[in-house]
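Let's take a friendly walk through the spaces inside this model, and then turn to its ligand and its domains. Have the structure open beside you as you read.

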Amino acid sequence: MKGNPNDKGFETRAIHAGQPPEQGTGAVTVPIYQTSTFAQHAVGETYGGYEYARTGNPTRTALEACIASLEGGKHGFAFASGMAATTTLCYLFQPGDHVILGDDVYGGTYRLFARVLSRYGITFDLVDLTQPEKTEAAFRPQTKLVWLETPTNPLLKSIDIAQVADLAHAHSARLAVDNTFASPYLQRPLLLGADFVVHSATKYLGGHSDVVHGLVVLNDDALAERLAFHQNAVGAVPGPFDCFLVLRGIKTLGVRMRQHGENARRVADFLAEHPAVEQVFYPGLPGNAYHAIARRNFASGGSVASETDPHSRETALDRAGFGGMVSFLAKGGEAAARQIVSSTQIFTLAESLGGVESLIEHPGAMTHASLAGSPIEVPASLVRLSVGIENADDLLADLAQALE
Ligand SMILES: *Cc1c(COP(=O)(O)O)cnc(C)c1O
């Protein structure tokens with residue numbers, strides 16, 4: 001396209017931001033610059049600012065510009081995985097610093113704090129961030145960071161991002177939001193006051209279960225300079241092909257998220273009526289305890305950005321949906337839950353989420369097994385679905401036969 005894509009709507013930026021036609025050939029798609037180093041005209045005189053591909057690569061630059069645009073931030077950084085993104089961000093902190101960690105965060109994030117960063121003198125407390133009084137009480141003079149995830153995994157609770165951002169700033173701490181489950185199409189934490197957005201791009205951004213990748217976005221120039229230093233110094237960077245796959249996935253983020261949301265809503269409605277199901281967790285259900293907070297957070301999403309009139313905003317929110325993750329408690333306990341996840345035919349029994357194909361899992365024995373006995377253990381009768389974008393009638397029929 002001609003002109004500045006950053007003036008345009010979310011879906012246009014997803015396809016064009018950071019991705020002008022290539023200078024030399026006019027290639028419409030950003031090429032995979034599969035090179036480790038870049039020639040220099042003379043010592044220190046580069047062709048286009050690139051020297052060595054750990055420090056920077058044009059395919060990665062395009063992705064970093066694109067995700068910054070979509071999250072409404074200034075600086076984007078790409079990493080070899082979501083955990084590499086989290087780890088590198090945590091290198092900005094020092095021994096003695098204290099972190100407030102949501103008590104329902106991704107198991108790998110908890111493990112990083114509990115078993116790695118704690119050995120380097122970074123302390124943390126697990127806090128129920130859905131409770132403002134508990135959050136407020138958790139701050140100490142050493143608290144430098146609050147880390148939250150919303151909607152949470154696997155119970156799909158929603159945490160009020162703007163409220164926690166205000167609390168963090170009142171205590172001179174920063175707020176990092178893991179936005180993996182919502183994606184910037186539904187929720188943009190920087191616009192709600194967060195200081196960092198973190199993604200496992202392995203999930204909805206990549207969208208096709210074919211790449212492991214991580215991203216960070218932030219506004220602050222000085223922090224961005226420090227993060228760029230650590231990205232290069234620590235070296236947990238993605239290869240150009242992985243960056244290409246994420247760029248390609250992001251182009252269809254809007255249409256995918258809408259379909260994930262539509263299918264997930266039908267699945268949640270179906271499960272809510274089913275006699276073999278004890279309780280359904282889905283932020284889009286009007287009866288969900290966190291529905292109002294999810295709506296507040298999702299009003300920051302790219303899907304509703306161009307709606308100014310309050311009524312059309314609400315309509316746009318409903319059209320965009322509430323994401324593709326649904327979980328539920330099986331009547332009949334753990335045995336029933338294990339039976340259900342082994343009985344589906346379209347839903348594949350697998351960890352991970354956010355791809356076009358539907359997945360089913362038993363968090364207690366799979367994604368959250370390493371948390372057994374920890375403060376963030378999950379119910380044994382819980383089943384988690386990543387609802388894909390297959391035909392919704394087929395998905396409902398598959399769940400119906402598995403629940404029988
Ligand atoms: C998967 C995931 C991560 C970790 O990302 P990887 O790409 O697997 O390293 C972090 N947060 C959430 C919410 C995730 O789902």
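A search of the whole structure finds 1 cavity of 30 Å³ or more. Here a cavity is a set of points, on a 1 Å grid over the protein atoms alone, where a 1.4 Å probe fits but cannot get out. Grid points are joined across faces, edges and corners, and a volume is the space filled by probe spheres set on the points. This is a predicted model, in which local features need pLDDT of at least 70 and side-chain atom pairs count only at pLDDT 80 or more, while totals for chains, interfaces and linings use all residues. Residues are numbered from 1 along each chain as its sequence is written, and side-chain values use heavy atoms, with hydrogens and water left out.

The volume of the largest cavity is about 50 Å³. Its lining residues (an atom within 4 Å of a point) include P151, F181, Y204, F298 and M325. By class, that lining has 10 nonpolar, 2 polar and no charged residues. Ala, Val, Leu, Ile, Met, Phe, Trp, Tyr, Cys and Pro count as nonpolar, Asp, Glu, Lys and Arg as charged, and the others, Gly among them, as polar.

Where does the largest cavity lie relative to domain 1 and domain 2? It lies between them, because both domain 1 (5-251) and domain 2 (253-284 + 321-403) give residues to its lining. The domain bounds come from an automatic or database domain assignment. The C-alpha centres of the two domains are 27 Å apart, and their contact (heavy atoms within 4.5 Å) takes 32 residues from domain 1 and 32 residues from domain 2.

The largest pocket has a volume of about 310 Å³. A pocket is an open set of points with protein on both sides within 12 Å along at least five of seven lines. Its lining is made up of 14 residues, with P20, P21, E22, Q23 and Y33 nearest its centre; they divide into 8 nonpolar, 5 polar and 1 charged.

| Residue and atom | Ligand atom | Distance |
|---|---|---|
| G82, polar backbone atom | oxygen | 2.9 Å |
| D178, polar side-chain atom | nitrogen | 2.7 Å |
| S200, polar side-chain atom | oxygen | 2.8 Å |

Taken alone, the ligand exposes 380 Å², and the protein buries 92% of that (Shrake-Rupley method, 1.4 Å probe).

How values were computed. A polar contact is a pair of N or O atoms within 3.5 Å; within protein, one must be able to donate a hydrogen and the other to accept it, and residues adjacent in sequence count only if both atoms are side-chain atoms.
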